[in-house]
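Reader: I'm new to looking at protein models. Could you walk me through how to read one?

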Amino acid sequence: MPASDPHHRLPESELADLENRGLLRSLRHMASPQGRSLTPQGGRPMVNFASNDYLGLATHPTLKCAASDAADRWGTGSGASRLVCGTLLPHVTLESRLAEFKQAEAALTFSSGYACAVGTLGALAGKDDILILDKLCHASLVDGARLCGATLRVFPHNHLDKLESHLKWAQSKIQANGRIIVAVESIYSMDGDTAPLEAIVTLKEQYKALLLVDEAHSIGICGPGGRGLAAALGVASSIDFQMGTLSKALGGSGGYLCASRKWIDLLINRARSFIYSTAPSPISAAVATAAIDLVDSEEGDTLRSQLQSNITRLRALTGNSELTGPSAIVPLIVGESDAALSLSDALAKRGILAPAIRYPTVPKGSARIRFTTTTAHTDEDFVLLQDALTCR
């Protein structure tokens, strides 16, 4: 269809609409490695209060050494999908270490957390099944739920009564061969609050449902050895599917799912984002293994302690002292998209990188600055942020 056809929707009109609504996004080009400060291409260094590299492992010498050693031994690519000839020893080693770390029977890794969510839900659920999601679940879980063809029900964020109502309904509707699956996050990525996992486990057991918990923002930063919120609360063994990412506190890239051996074997045979993707590089697998070893060590305990200290400080200076839990995510809700963009720009002028988060990432009218802190932030960084917020 020619571009001049009046029925052909032009990208210019869509981009203009996004710009008019304060929702147009563009890529930020950084000319420095991930760290406590970042240097935009052609700009000056800015203190980074936006990263998910919570423990500062993305540039840790141990992980860089693991990457170099893996490149020397295994090269840079895997050559094929895992089921063809792409399963290399670093992948097997990582999945064995993940299962041990999460105290599960088995683990499976994916190229990203998004691929893990979409592939897992697509493998587990279909037209005969019912999926129940928290309203604030990550887009990857929402997309996986929509794509798999299961009946989808959403409950208001952390609303246990509504979750139970959905579970009662699902139990009355499900067929003999159907599955009821509840999906939640342990720490929610935009608000930084935690799920009431103990109560959710009780409900899923009462109504004979399966439970998937995404620990993307809690792996590495809380629980014994950094195993996550489920381990911290002592309910990990009651969770059927422990999902997470290797790209945040673990400083690498990729996603993972831990479960029983039979569930993992089913995913190997049915998860399309696993089956039809070239295997992650052996470098990323080796880096992730080194990261798990590091967080599950005395050094990991030291890093978590420093992180919690910085979290307390960030909450205080942003007026969020009432927040509890281990999350390094501290939102400053502004309201409208334009206001959030203006605040982000004002912070940038004072040397602070803190992008505006807008719809559809968060609900309309709740645009915000999503501050995060890491182990690397210094006293000077917090003073700079405090001064910038005071002068806004």
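Author: Two strands pair if DSSP finds at least two bridges between them. Strands (E, at least two residues) and helices (H or I, at least four) are DSSP runs, numbered from the N terminus. One thing to keep in mind: this is a predicted model, where local features need pLDDT of at least 70, side-chain atom pairs count only at pLDDT 80 or more, and totals for chains, interfaces and linings use all residues. Residues are numbered from 1 along each chain as its sequence is written, and side-chain values use heavy atoms, with hydrogens and water left out.

Reader: Okay, what is the order of the strands in the open sheet of seven?

Author: Read across, the order is E3-E9-E8-E7-E6-E4-E5, and the pairing is mixed. E3 and strand E5 (151–155) sit at the edges with a single partner strand each, so one side of each has no neighbour in the sheet. On average, neighbouring strands here are turned by 20 degrees against each other, direction ignored (axes are lines fitted to C-alpha atoms, and angles run from 0 to 180 degrees between N-to-C directions).

Reader: In which sense do E4 and E6 pair?

Author: Strand E4 (residues 130–134) and strand E6 (residues 180–185) pair in the parallel sense, over four bridges. For instance, Ile132 has Val182 in E6 as its bridge partner.

Reader: Which strands make up the open sheet of three?

Author: That one runs E1-E2-E11, again with mixed pairing. Strand E1 (37–38) and strand E11 (352–353) are its edge strands, each pairing on one side only. E1 pairs with strand E2 (residues 46–48) in the antiparallel sense over two bridges, and Ser37 has Val47 in E2 as its bridge partner.

Reader: Next, cysteines. How many disulfides are there?

Author: A disulfide is a covalent bond between the sulfur atoms of two cysteines. The rule used here asks for a pair of cysteine sulfur atoms within 2.5 Å, and the count comes to zero.
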